[in-house]
Amino acid sequence: MKKYAYFLLAALVVLAMPLTMQSGSLASEVLIFALAAMGCNLLLGFTGLLSFGQGIFFALGSYTAALMLTRWPVPMPLALLLATAMGALGAAVVGWVAIRQRGTYFVMLTLAFSQMFYFIAYTATGLTGGDNGLMDIPRPNLSVLGVELWALASPWQLYGFIAAIFLLVFWLLLKVSRSTFGRTLLAVRDNEERAAAIGYNLKLLKLQAFVISGAVTGLAGALHAMMTGLAPLSNAEYHTSEMILVMTVIGGTGNLLASLLGSAFYLLLADWLSQLWPRWLLLLGLALMAVSLWMQRGLWGLGDSILQKLQGRRAPAATVDAKGEQA
Amino acid sequence: MTAHAPILLEAIDVEKCYGKFAALGGVNLRVRANTVHSVIGPNGAGKTTLFHMLTGTKAVSGGRIVFDGQEVTHEPDYRRVRRGMARSFQVTSLFLSLPVRENLRLAAQGVTPRQALNPWHEPVGPRALSQVVDSVLAKVGLERMAGTPAGNLSHGQQRRLEVGMALAARPKAIFLDEPTSGMGIDDLEDMKQLIKGLRDQHTVVLIEHNMNIVMDISDTVTVMQLGRVLAEGKPNEIRGDDRVRAAYLGNMITGGKG
């Protein structure tokens with residue numbers, strides 16, 4: 001039962017959103033950025049890699065999906081798959097170079113790639129539309145061999161489609177995080193020197209983490225393009241990487257469900273604050289400060305400690321095992 | 001008997017320079033199988049640097065290293081693990097947020113590192129490597145702490161887990177870098193017996209400052225000074241060696257410490 005607890009909780013959130021929220025687009029956005037944040041979490045929370053390259057993979061996904069759907073009309077599912085593959089490829093290139101260094105220099109390398117990619121996207125107007133981005137991206141219904149399976153015209157119909165993809169990816173990433181691979185990543189995060197000393201090829205492990213992260217982020221970018229009908233240049237901006245990172249950190253690192261929490265918190269708060277005050281980003285800055293100063297395990301960690309305190313009153317001997325285990 | 005055991009590890013004229021400073025100036029070392037071979041010397045003699053060269057943690061500037069008949073000079077550390085080398089660290093180096101059992105499982109899995117890239121299967125059943133992990137837990141006396149995060153162990157327990165991490169790889173040669181550093185008197189005897197017992201199944205290369213332990217359990221002692229080998233021999237030969245006495249040990253051996 002415990003094995004499926006996270007998945008059931010994720011499914012619960014996915015089901016709860018249509019019942020509690022007005023806007024199907026906002027709900028879809030929450031899931032899309034939750035995907036991107038989970039990809040980021042695999043690097044930051046499980047492997048200990050702070051990557052500013054996430055925006056590249058996101059933009060690669062959105063550009064690829066846009067091009068596929070507008071210029072070379074391929075079936076929509078294939079467009080999503082190609083965008084996923086493109087995200088993975090981009091991550092393989094960025095990762096292959098960046099993991100040659102550690103710490104600050106690793107971060108700087110991902111940042112350098114992020115800047116370079118922005119200017120490439122800005123210059124390559126033939127592919128990306130440059131400053132204007134790509135527009136009028138169609139949102140074809142899901143059909144197989146001419147049989148229509150899923151209409152995507154309304155925001156909530158699209159939400160259903162995205163929710164199905166989200167749950168599938170969530171389940172896959174949960175598998176990955178619990179596999180021997182995922183468990184070895186935790187070792188790399190904890191202590192690289194020892195991980196190498198007991199026989200692990202750190203570069204290979206990190207590269208694989210990058211590729212998986214890039215694939216998921218690329219898919220998120222593609223869904224974003226489908227939802228908005230746009231693949232703007234702003235996706236390639238450094239700000240996108242920053243936003244994905246902030247969601248991941250606010251939600252909590254090292255736990256996939258926390259990324260869904262982080263994405264929901266960020267987007268819903270932004271939606272609410274932006275109606276109250278045009279300088280709302282300032283308040284978001286304060287929220288990030290609070291997390292960095294007092295709750296480094298993020299919202300998830302906060303909930304976890306509260307839950308443990310409540311349980312502690314009833315059963316004082318909390319097991320140490322549960323703490324060491326990560327999902 | 002052990003004097004004629006085959007040579008498992010050989011260092012030939014190994015050099016290591018950091019800029020113009022020669023930390024190792026041509027060291028020769030022959031370690032025979034199933035012996036405890038200690039490397040001693042004052043601080044800064046190059047003991048840990050030599051360890052880094054032998055285990056591949058850092059690259060040599062010159063010379064060769066042959067292990068089990070194979071040239072391994074230019075292999076990085078993680079590849080030498082597959083050949084049967086494993087090491088412990090002078091400063092405890094564990095996966096602090098992970099349970100003791102998981103620390104050992106990861107160390108045992110390191111010999112077949114391809115498994116570590118498997119993104120699909122959980123480490124259960126045969127992948128849990130329970131037999132190896134359980135036997136190491138028993139050897140280092142941490143059975144009752146199996147579920148505790150390594151960061152919550154006492155210093156003495158962490159030092160024993162540190163040795164256990166090397167053991168879990170089921171190595172031919174095990175390199176222990178000051179396994180007793182910072183240990184209380186109560187824990188010392190346990191560690192001594194633990195290392196002594198390793199000789200049956202492994203070859204032990206030991207850096208150690210505690211002369212009581214070194215002289216009691218070593219088959220061979222190599223004394224280093226200023227990046228070179230000063231003397232080598234059986235413990236009682238080293239005890240009686242005038243150069244060693246003059247350079248370093250003197251009263252430490254004849255009963256100053258321990």
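How many bridges join strand E1 of chain B to strand E4 of chain B? I counted five between E1(B) (residues 7-18) and E4(B) (residues 62-67), and the two strands run antiparallel. The model is predicted: local features need pLDDT of at least 70, side-chain atom pairs count only at pLDDT 80 or more, and totals for chains, interfaces and linings use all residues. Residues are numbered from 1 along each chain as its sequence is written, while chains are lettered from A and ligands numbered from 1 in the order in which they are written.

I took strands (E, at least two residues) and helices (H or I, at least four) as DSSP runs numbered from the N terminus; strands pair if DSSP finds at least two bridges between them.

**Hairpin, chain B**

I found B:Ile12 opposite B:Arg64 of E4(B). I then followed E4(B) to strand E5(B) (residues 70-71), its antiparallel partner over two bridges. There B:Val66 has B:Glu71 as bridge partner. Two residues separate the strands of this hairpin, and B:Asp68 in the turn has a positive phi of about 55°.

**Open sheet, chain B**

I read the order of the six strands as E6-E7-E8-E3-E9-E10, with mixed pairing. E6 (85-87) and E10 (228-233) stand at the edges with a single partner strand each, so one side of each is left without a neighbour in the sheet. Within the sheet, I noted that E3(B) (residues 36-40) and E8(B) (residues 203-207) pair in the parallel sense over four bridges. B:Val36 stands opposite B:Val204 in E8(B).
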